[in-house]
Amino acid sequence: MAINLNKKILCFLDEYGTAGSGPFYLGGVIVLAREAGRIDKCFSDLLEPNANEIHAADLGDSYLQGLLQRFWAAAPTDRIVLINQKFSARGGIAPVLYAQVVIETVKVGLKRFQKDVLRRESIGNVDVIIDANHHNGHAAFRSTIEQARMHDGRFRGVNRVTQLDSAASRLLQLADVVAYSRKWIVGEELNATGLRDRFGIQMP
């Protein structure tokens with residue numbers, strides 16, 4: 001069991017926007033399972049001791065940018081990938097659209113993790129954890145995900161996609177902040193280079 005844990009990869013995803021209704025972005029935090037606790041602590045230690053769940057949309061941009069910058073300075077940056085994936089508008093029902101952007105984000109994120117962290121050719125044993133909502137609890141979402149697990153490139157390395165209330169996971173809350181960071185690009189406050197250099201967030 002410990003051997004499997006040592007090799008397992010965790011991919012935490014949360015969204016900014018609503019699938020099928022205007023701009024939609026996913027933020028991803030990808031780590032090795034054995035290092036998730038250490039990285040969680042790096043983020044948690046930057047928050048107030050009595051802080052409840054972090055919702056980026058409820059907080060000021062200057063606070064969030066300072067939080068991300070301090071996290072990136074404290075985190076083991078060679079052991080983590082932060083990614084912000086833009087979803088291009090297309091036809092279809094929202095649960096399927098949501099599944100498609102999850103699949104795209106995981107594949108791109110795993111490619112980056114494979115290159116920057118693992119430094120090996122193969123990748124697998126991946127668990128994806130997403131913030132639970134009515135779209136990713138839908139049967140059409142689950143069906144699209146299962147088809148991709150069977151047939152779609154790097155996504156075949158995914159063991160399961162688990163819905164979790166983000167209140168239970170600081171790394172899901174970090175993914176929420178990573179997703180929200182796209183707002184600073186759209187508002188021309190930062191460019192992609194600034195997002196990467198200041199906060200470590202990659203934009204495919």
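Reply: The account below begins with the helix pair and then turns to the salt bridges.

This is a predicted model, in which local features need pLDDT of at least 70 and side-chain atom pairs count only at pLDDT 80 or more, while totals for chains, interfaces and linings use all residues. Residues are numbered from 1 along each chain as its sequence is written, and side-chain values use heavy atoms, with hydrogens and water left out.

Helix α4 spans residues 94-118 and helix α5 residues 139-151; their axes come within 8 Å and cross at roughly 35 degrees. Axes are lines fitted to C-alpha atoms over the stretch in contact, with angles running from 0 to 180 degrees between N-to-C directions. Helices are DSSP runs (H or I, at least four residues) and strands likewise (E, at least two), numbered from the N terminus. The crossing of α4 and α5 is right-handed, that is, the near helix is turned clockwise from the far one by less than a right angle. Contact (heavy atoms within 4.5 Å) involves Pro95, Val96, Tyr98, Ala99, Val102 and Ile103 of α4, and Ala140, Phe141, Thr144, Ile145 and Ala148 of α5.

A salt bridge, defined as a side-chain nitrogen of Lys or Arg within 4 Å of a carboxyl oxygen of Asp or Glu, joins Asp152 to Lys107, with the closest N and O atoms 2.7 Å apart. Because Asp152 lies in the loop between α5 and β5 (158-164) and Lys107 in helix α4, the pair ties together parts 45 residues apart in sequence. Asp152 is partly exposed, with a relative accessible area of 26%, and Lys107 is likewise partly exposed at 27%; this class lies between buried (under 20%) and exposed (over 50%), using a 1.4 Å probe and protein chains only.
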